[in-house]
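Thanks for coming, everyone. Please bring the model up on your screens, and we'll walk through it together.

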Amino acid sequence: MPIEIYLNVAASGLLTGLVYGLMALGLSVIFGVVRVVNFAHGEMMTLAMYLTLVLFSALKLDPLVLLVPIAAVMFAFGYLLQLGLINPFINRPEHSQFMLLVALALILVNVQLIVFGPDAQGIRTAYSFDSFQLGPLIVDASKVYAAGAALVVAAALFAFFRFTLLGKAIRACADNYDGALVVGLNVKRLYALTFGIGAACVGAAGAMLMAVIDVTPEIGPAYTLLAFVIVITGGLGSMPGALLGGLLIGLTEALGGVLFTPSAKSMFAFGLLVLVLLFRPQGILGKKASG
Amino acid sequence: MKRLVEGVPRRGLAILGALLALLLVFPMLASGYLLAIGFLILYFAYVGQAWNIMMGFAGQLSLGHSLYVGLGAYAAAALYFHFGLSPWLGLGASIGISAAAGAVIGFLAFRFGVAGVYFAILTIAFAEFARIGFDHFAWVHGSSGLFLPVANYAENDLWNLRGSPTMFYYLMLGLTAGAFVLCHALLRSRMGYYWLAIRESPEAAQALGVNVFRYKMYAVMISAAMTSLAGVVFAFYYNNLFPEQIFHISRSIELILGPIIGGVGTLVGPLVGALLLTGLSAGLHEVMLQLGIDVPGIRQVFYGICLLLVVMFLPDGVWPPLAKKLGLRR
Amino acid sequence: MTQRINRRRFNQALAAAGAATAFHPFGIVRAQGARLKVGVLLPRSGVQAGIGQDCHRVVQITGGLLSELGLPGLDIMNGDTESNVDVARSRAERLISEGAQLLVGAFDSGQTTAIAQVAEQRGIPLVINIAAAPPITEQGYKFVFRNFATAPMILGDAFANQLEVFSLTGVAPKTAVFMHVNDTFGVAMQKGFTGVMSKFTMPYKVAQTIAYDPAARDLSVEVAKARASGAEALIMVSRLNDAILITRELVKQRWSPTAVLSMGPGWYEDQYLKTLGKLGDGPISFVPWYDPNKKLAKQLEAAHAKAFPGINLNTNHIYTFEALLVAADAYKRAGSADPKALADAIRATDIKDNVSTGPGIQFNAKGQNDKLKNSAIQNRGGKLVVVAPKGASNAKPELPMKAYDKR
């Protein structure tokens with residue numbers, strides 16, 4: 001097969017991977033700080049996608065522009081969810097957390113089914129079918145824009161956690177829970193804030209994905225799994241790690257699909273995951289857990 | 001036998017006896033529909049019990065248990081389909097393959113220190129591996145599905161597991177009762193105490209000389225082997241297998257709802273959980289039917305809300321508070 | 001409008017433990033004029049909800065059409081299989097205990113098999129509306145009937161219709177790439193492909209076969225691979241979402257095949273046409289369809305258009321309607337709702353004035369309608385036209401497909 005095919009496929013995989021990375025970023029933030037296993041992550045993204053759909057039909061604005069209000073709405077959703085429902089579960093065993101979020105996911109999926117119906121629905125923007133040609137490479141325009149937006153959002157998040165007081169406080173909670181309490185941080189509020197930020201990431205990713213794919217109520221679980229694979233591969237609690245994980249997984253699946261049979265391409269992502277879990281459980285860019 | 005009932009409160013034995021009697025005569029009183037529901041309750045009770053060994057006794061959260069169901073189902077079904085081998089013989093292969101898969105996962109996880117959520121994700125990865133792998137496995141017809149030749153329903157052929165729903169009901173009842181007794185025996189055995197120690201504090205157990213690795217492996221392998229038998233029954237009850245459905249993560253989730261709602265780590269928890277959840281599901285269907293509500297998806301919404309309420313207000317499951325009310329302690 | 005269940009009946013099982021349980025819940029002969037209770041099982045929630053709910057649309061308008069034809073009324077009892085085999089089985093049992101005298105369903109081959117076993121054990125006829133896995137009618141069931149093409153039948157007619165299309169348009173691709181979804185239907189089609197193709201002299205050779213994951217979120221790799229094969233035509237077996245994704249990729253990767261020949265769902269569906277607009281024109285689908293020249297088909301089309309404006313009549317509607325038609329017709333001829341009489345009546349079905357393509361509805365000894373014919377439809381101007389077979393068509397096919405960047 002000519003080399004262009006591999007280059008094209010790799011480029012496409014990397015771009016898609018960036019958007020997946022943003023989605024996984026939300027999960028990394030939530031799990032890294034609040035230590036709750038958000039098994040409703042994909043369903044939250046589906047919710048964001050439906051919101052984007054509704055706003056698009058009402059306002060006719062580009063999904064990449066809509067990502068700002070969507071992120072805001074999802075922030076509120078995440079904040080309230082954490083305060084209202086999830087907070088008592090932080091110190092409960094994993095299977096309890098799991099139950100809670102599985103029940104939530106079930107409710108979300110079926111409410112979406114009832115309200116929006118089962119048919120796939122999508123957004124058609126002016127550039128839905130555009131592609132750029134750079135020499136031998138043909139690159140999907142929507143993916144480029146979405147990937148660009150993902151980088152911007154990720155950079156903003158990174159700056160928030162690095163440079164703002166609030167961001168540092170959240171990181172303190174993650175690194176040392178008891179220490180944070182001792183120092184007088186309002187941990188409960190910070191957790192809610194973090195969950196909100198994670199949800200906002202997922203919301204932004206959802207809005208971006210609407211420019212690329214269609215939404216049905218059932219696509220959530222696959223994305224939850226994908227988010228976990230990416231976060232673990234890239235490294236829990238590491239934001240560049242989530243993006244790197246996304247890039248890696250996107251690339252692995254793409255190349256795996258082109259070299260072998262595409263119907264088995266997910267196996268490569270899982271294979272990578274198993275290897276990471278065994279040999280470098282903290283992930284590629286993660287720090288070793290401090291217990 | 002005496003050792004098994006020694007120490008169990010008389011009340012508990014009486015309740016169990018009554019329950020068993022009721023379950024034995026159930027098919028004679030039940031319609032085809034209730035029999036189908038009864039089978040499902042027993043199936044989920046059994047498979048929940050098997051999962052509970054890994055989770056409740058050895059503390060490992062497995063979210064990929066559908067792997068063992070699927071392996072067990074495909075092994076026995078393929079042997080029957082290709083060689084006409086009776087499932088009673090075929091189940092040897094089912095148990096062997098599932099236990100081996102469990103051993104591999106256990107070995108990788110425990111040797112490399114993969115625990116908690118990471119272990120759970122590892123189990124999901126293996127189940128997904130199997131799903132995609134079997135989709136491409138031509139000997140069992142991959143994603144086009146393995147259809148077992150269906151025989152005449154007028155006779156019950158127990159040897160080949162061909163027969164009426166009643167036969168399957170009793171088969172499942174036997175398995176569930178057997179699992180219950182086995183778990184009870186295991187809990188009281190030395191291994192059961194080691195498991196308790198490992199669950200409470202692995203370091204302390206290790207310090208006392210308990211070979212933590214070995215006993216965790218036993219838990220995983222026993223759990224896997226027991227689960228595979230459920231797969232065998234599933235295959236012969238439904239007579240068709242699709243990798244996409246039997247290895248699917250939704251099946252893994254489905255089978256752990258019972259023990260979590262009922263009470264992880266308790267002996268009776270999975271039974272109570274299966275009864276409640278299957279009953280809840282059927283009950284919701286009935287309510288919708290009687291009210292004439294025909295909105296697809298609404299039953300699942302109410303089901304989810306019920307799950308939410310139970311997990312919020314009964315953090316240890318339904319059985320512990322119920323047991324207290326009944327004056328029992330298990 | 002929803003149909004209410006108007007009476008509850010519980011039947012007490014009398015089987016002794018371990019013994020045979022084949023029994024009939026009702027040996028009652030109903031007076032002519034009373035309605036037949038039909039349990040309709042469809043996946044209206046869960047992953048297959050889209051198709052189940054689509055099938056359900058036609059269930060709501062069948063009553064009126066059947067009475068126009070002078071056929072007895074049906075009491076429809078709806079059951080949602082939730083795309084899950086456990087639920088499918090228990091819902092089937094529930095409907096039977098509620099008094100269903102005949103079952104219709106259930107689209108998914110796995111769920112349909114579970115329901116078929118219940119039907120066979122309880123002695124209640126099951127008329128399968130849609131399910132393409134061949135084994136279902138190879139099990140020796142006496143109460144199961146399928147009025148839908150199996151994968152090999154769809155393949156055979158696809159090749160025959162393709163030859164017709166090629167000769168009518170004067171365009172015949174020399175190479176093709178075959179892409180299929182790796183699920184029950186896709187694999188069944190792929191398995192039979194080479195065997196059935198060898199019975200025809202097709203002008204093209206298949207350069208490559210590509211299978212893709214049904215859960216795929218992104219098909220750019222698959223389309224890239226297909227394009228790299230250098231083939232002229234794209235042969236597809238996909239589902240709705242994939243069809244849209246693939247077409248988008250075709251446009252973005254700047255590949256316009258000479259022809260897109262689909263042998264499954266997706267490329268003709270409303271969502272496809274609506275989402276892609278003029279980029280959706282051109283593909284030809286070789287699928288079970290209706291004969292636009294048949295009287296009943298026109299009636300159904302009109303009723304459907306009135307009840308659901310903007311939704312095209314498609315395979316889901318046609319075959320679900322025909323299943324109910326078979327039920328009503330058999331009931332009229334049997335004169336009673338006794339399940340055995342119904343089953344015998346269904347076996348003797350001979351409806352020439354039906355909706356789907358072919359000589360009509362008849363069942364062979366295995367309960368399969370092996371006389372069904374499949375059609376070729378093409379997307380044109382945002383609508384669908386039937387281009388083959390001759391006699392059951394209403395337009396001429398157009399090939400080669402207009403390049404995407406010239407639209």
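First, the ground rules. This is a predicted model, where local features need pLDDT of at least 70 and side-chain atom pairs count only at pLDDT 80 or more, while totals for chains, interfaces and linings use all residues. Residues are numbered from 1 along each chain as its sequence is written, and chains are lettered from A and ligands numbered from 1 in the order in which they are written.

Chain A. It has 11 helices and 2 strands. Those are DSSP runs, numbered from the N terminus: helices are H or I with at least four residues, strands are E with at least two. From the N terminus, the order in chain A is α-α-α-α-β-β-α-α-α-α-α-α-α. The C-alpha trace of chain A spans about 60 × 45 × 35 Å along its principal axes. Of its 291 residues, 60% are buried, meaning 20 or more other C-beta atoms lie within 10 Å of the residue's own, with C-beta atoms placed from the backbone.

Now contacts. Two residues are in contact if their C-beta atoms, placed from the backbone, lie within 7 Å. In chain A, take the contacts between residues at least 6 apart in sequence: 79% of them join residues at least 24 apart.

On to chains B and C. Here 38 residues of chain B are in contact with 44 residues of chain C. Which helix of chain B gives the largest share of its side? That is α3(B), with 6 residues. By class, the chain B side has 19 nonpolar, 15 polar and 4 charged residues. Nonpolar is Ala, Val, Leu, Ile, Met, Phe, Trp, Tyr, Cys and Pro; charged is Asp, Glu, Lys and Arg; the others, Gly among them, are polar.

Next, chain C. Domain 1 covers 36-149 + 293-347, and domain 2 covers 152-287 + 375-406. The bounds come from an automatic or database domain assignment. Their C-alpha centres lie 29 Å apart. Between them, 10 residues of domain 1 contact 11 of domain 2. The domain 1 side has 5 nonpolar, 5 polar and no charged residues.

Last, the sheet in chain C. It is open and parallel, with 5 strands in the order β2-β1-β3-β4-β5. Strands pair if DSSP finds at least two bridges between them. β2 (74-80) and β5 (144-146) of chain C each have a single partner strand, so one side of each has no neighbour in the sheet. In chain C, 3 bridges join β4 (residues 126-128) to β5. Ile128(C) stands opposite Arg146(C) in β5(C).

Note on methods
Buried ≥ 20, exposed ≤ 12 C-beta atoms within 10 Å, placed from the backbone.
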